[in-house]
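Student: I have a new structure to read and would like to go through it feature by feature. Can we start once it is on the screen?

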Amino acid sequence: MNRTPVAVAIGCAVFAGLACACGERPHAVWQASPPGAVRTVDSTTAALNATREPGVLGTVQAAPVVGWTGPGNRPFEVALRSSAPEAGHTRQFGTIALPIALRNRSAALSQYPCTSCHAGRKVVMVEKRIGDAHQNIKAVHPARTGAVCSTCHAPENVALLALVDGKRATMDESYRLCGQCHFAQADAWAGGGHGKRLDGWQGRRVVMVCTDCHDPHKPAAQSRIPFRAPQIERTRSHDRE
Amino acid sequence: MHLKPFLLSALSSATSGGRRYHVWMGSLTLIMLLGAYAYSVQLRHGLGVTGLSDHVSWGLYISNFTFLVGLAAAAVILVLPAYILEDVDFGHAVLMAEAVAVAALVMCLSFVVVDLGNPLASWHLLPGIGHLNWPRSLLAWDVIVLNGYLALNLIIPFYILYSHYAGRTPDKKKYLPWMYVAVMWAVSIHLVTAFLLAGLPARPFWNTALLGPRFLASAFTAGPAFVIVLLWFIRRETSYEIADGTFAKLALVTTVAAQVNLVMLVSELFYKFYWPTEHGINARYLFFGLGEHHALVPWIWTAIALNVLATVALMIHPLRRNPRWLMPACATLFVGIWIEKGIGLVIPGFIPSPLGEIVEYRPTWVELCVTAGIWALGLFVLTVLVRVALPIELGEARSPYLEAGPPARTVRPRSTRARHEDVRPVRTR
Amino acid sequence: MSESRKDGTLLQKPVDRRAALTILAGGALIGAQALAACAPLSVETDEQREVKLLAWREHIKGNYRFMTEAERSETIARLERLAKLRRGEDVTIQSTGAQPGVMFGYAFNISKCKGFRSCVEACINENNLDRHAATQYIRIFEMEDGEVDLELGDATFQHEVPAEGHFYLGTQCFQCADPPCVRVCPVGATWQEPDGITVIDYDWCIGCRYCMAACPYWARRFNWSAPEVPVQEVNPNQHYLGNRARKTGVVEKCTFCIHRTRQGRLPACVEACPTGARVFGNLLDPDSEIRWVLANKHVFRLKEDLKTEPRFWYFTD
């Protein structure tokens, strides 16, 4: 830990410069840090990530979470929903791109935004009419819980979610709706034990919301064929060709 | 001043011989060439040409290595009485045993080198320009003890032979301290190699306190057994005298060690199978197989059968004293220990893997050829060493610069008694 | 970074020694070239000569851990050039050091993992794993409910997952706090970095595979033959201690995607996991997600009795 003082000085100077440029107070934890002390995230990390590849944190639009705080009572953000490819639901690994959520989001959002049909009209929320326009909706979750459309959707405004206390939440705030019953999951989600954080362990904490992974009408994970199984026996050289 | 004629005489002893000698050396050379070719294939394509895998990452090479360390260490059983306890009987045998140690060590080091994936980087082991992770890594210890033991076993016999060649009595003060070192060292090479395996908590099959003692027991079985056969051959083929007492004592050592070895095997089996735990699964694979995987089962039972048969034969006095029984028993024991300690010790440690996956191991032709080549190399080295040592010890080869140059033969009659007075290294004055 | 600088200055002696070695090597090379010049048939292009020279310089270089910053950038320049000349790859090799005050930890939610193996796919691509040998760092075991014995698990499942009555448990390098693999390496080619990642200098490894025998979690892989990655599939974002090109006869392992995590990003497996079963973060940060999991969930580790202190925990919802 007896680093050359020059290096520390340079390090501090550089960091202070960076931090000031970003309008943050420089932290003094560059010095030998006792366990527990941490270098707080410099926002340059996120900027660095953004330049690296499309779709990573720097380009993700996010909004602060209302009503929950993350570990250490720190505020955090949720990624905003969008059907655009850079919305952050695909990531580049080496030379391949992989979806990072349980369900493929853009397909499920083929009818989004709701106002494209429901503009200015009050929604008739009758169970039997669902099949007409929303054939993609398999209402497993409502069927099992005895819910109807209006249990979650605001009848007066289809773009809003209805909470039990009469308040309204936007579609990007599904955690407020789901968390009403699934409070344990919501706590874990806020803490980091449930859900997905996007891109960095460091830098601003942006997480995905409930509906990014769970289809709200059919929330259980869908089964699928996994990526190829490992080859237990080693490839022998004569196996070539 | 005698060095040049010594080397020339050694060269001529090693290169001259009857037809059988040349056929023997020729076939060894041929096998070595085959091994060299196989190794070149391995160098070109990587260790992928062997039967090894991420699951069974050590195989035939390291198996032979662990076995041969035992053979090398066995020289101590002769060195100890001959030089330090001044037991008359072993005087003639000890140089041969040291030749066995040298040959075994050459094989050991060769097996380690051929097992390296990146042999060009082996200079990284050299302290100074490389980085030897000593004392933390047991492999670093092994590198040191093996090379040290090789040096000891080269230098001491060289000094004694050279002194005899130059017509001097070797100076006890000069070599006896090194003899003490060599005795400790012999035990250490064995224990270090055992600890190399026993120190791995990842492999419960090896991670047992019994491993070190078992290594020693098997070493003192296989080593003297090999030396007995070698000495018997030398006595039959040359005029070099080896007293009957030598065989009797060596056979006794072999017998006791073989018994101890069996006791330890039984203890191991009881521990693993009376109450089989998770940690006994490798032993289960070795002795009984797991499902359709049972490649080692016939080997280990063969080894146990050979060991038990040979040990029982050795335990019967009339049989042990009769060379017709002693020689086959020793050879059987040697093979039995080779299977038990080579194949039956290293390979099952890897099957199943720490995550419970079972991949079996089957050596390829490359491994078999390289292994055969290294054994041929070891036998070659052994033959050359014995060949060089014999004329000197028989008094046939003597430095031409010796004063009062009567032919050596007349000075040293081949009576055992006379030789003892003159040549015996540790005789007190 | 500072850690490595310290090492470099502490060990001034080997550096000088190495310089001497380089001069010697240069002499040998000139000799070899003079020999080659005498051979009428050998038509060597400038590029081939450059490759030879670079390869030789690479062969006689020292252990990365003890290199000075200057030596590190030199070897990286050589490696990048060699990748271009030999395989036509444009790669960037970092030497990013550990951040101060960071110790990486990992948690795996066995209630969440559904056995999709997206992590495996991402890992292969991110870390330039040998496609010919089908090397994989991650194993996902399908376990029957009520069993935590890996021997009863099956890693080769290839059916629709998740299967009824089963859960999934993933293994990889657990970056033990007291790694047996590091202790046993005879040449110090593998060591633990200040941020807790156990790394290998592939160019210093002699390929004895003692570390593979020593690992209780079967986390190490060997290059039995020359590793193959199609040029168009090579991830050019590399780290000297991580996913750069390996060679025949050396050991490799998971490095928690050192080229990503040292820049504040998540390992590829964590990022690719569609179920959020993987949590990664800084153990020294009491406000990190990993610390939240350790404090609020019931966790366990594999083979804790071996006292290697893995920094990889399993937990359930």
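The dialogue below takes up the chains, their contacts, the cores and some backbone details.

Student: How should I treat the numbering and the model itself?

Tutor: Residues are numbered from 1 along each chain as its sequence is written, while chains are lettered from A and ligands numbered from 1 in the order in which they are written. This is a predicted model, where local features need pLDDT of at least 70, side-chain atom pairs count only at pLDDT 80 or more, and totals for chains, interfaces and linings use all residues.

Student: How many helices and strands are there in chain B?

Tutor: Helices (H or I, at least four residues) and strands (E, at least two) are DSSP runs, numbered from the N terminus. Chain B has 16 helices and zero strands. Chain C, by contrast, has ten helices and twelve strands.

Student: What does the radius of gyration say about chain B?

Tutor: The radius is taken over C-alpha atoms, and the globule rule is 2.2 Å times the number of residues to the power 0.38. For 429 residues the rule gives a radius near 22 Å, and chain B agrees because its own value is 22 Å. The C-alpha trace of chain B spans about 75 × 50 × 45 Å along its principal axes.

Student: What share of the residues in chain B is buried?

Tutor: A residue is buried if 20 or more other C-beta atoms lie within 10 Å of its own, exposed if 12 or fewer, and partly exposed in between, with C-beta atoms placed from the backbone. In chain B, 47% of the 429 residues are buried. In chain C, 55% of the 317 residues are.

Student: Which residues have the most contacts inside the largest nonpolar core?

Tutor: In soluble globular proteins, nonpolar side chains tend to be buried together. A nonpolar core is a set of buried Ala, Val, Leu, Ile, Met, Phe, Trp, Tyr and Cys residues joined through C-beta atoms within 7 Å. The largest one here has 218 residues, and Ala72(B), Val100(B) and Val227(B) have the most contacts inside it. Helix H5 (residues 93-115) of chain B gives the most to this core, 17 residues. A second, separate core of 22 residues includes Val60(A) and Trp189(A).

Student: How many residues of chain C are in contact with chain A?

Tutor: Two residues are in contact if their C-beta atoms, placed from the backbone, lie within 7 Å. By that rule, 60 residues of chain C are in contact with 52 residues of chain A. H5(C) gives the most to this side of chain C, with six residues. Between chains A and B, four residues of chain A are in contact with seven residues of chain B.

Student: Where is there a cis peptide bond in chain B?

Tutor: The bond from Trp134(B) to Pro135(B) is cis, with omega near 10 degrees. Pro135(B) lies in the loop between H5 and helix H6 (138-165) of chain B. In chain C, the bond from Val161(C) to Pro162(C) is also cis, with omega near 0 degrees. Pro162(C) sits in the loop between strand S3 (139-144) and strand S4 (166-171).

Student: Why does Ala134(C) count as partly exposed?

Tutor: Ala134(C) counts as partly exposed because it has 15 C-beta neighbours inside 10 Å. Its phi is near 55 degrees, a positive value in a residue other than glycine. Glu309(C), not a glycine either, has a positive phi of about 50 degrees.
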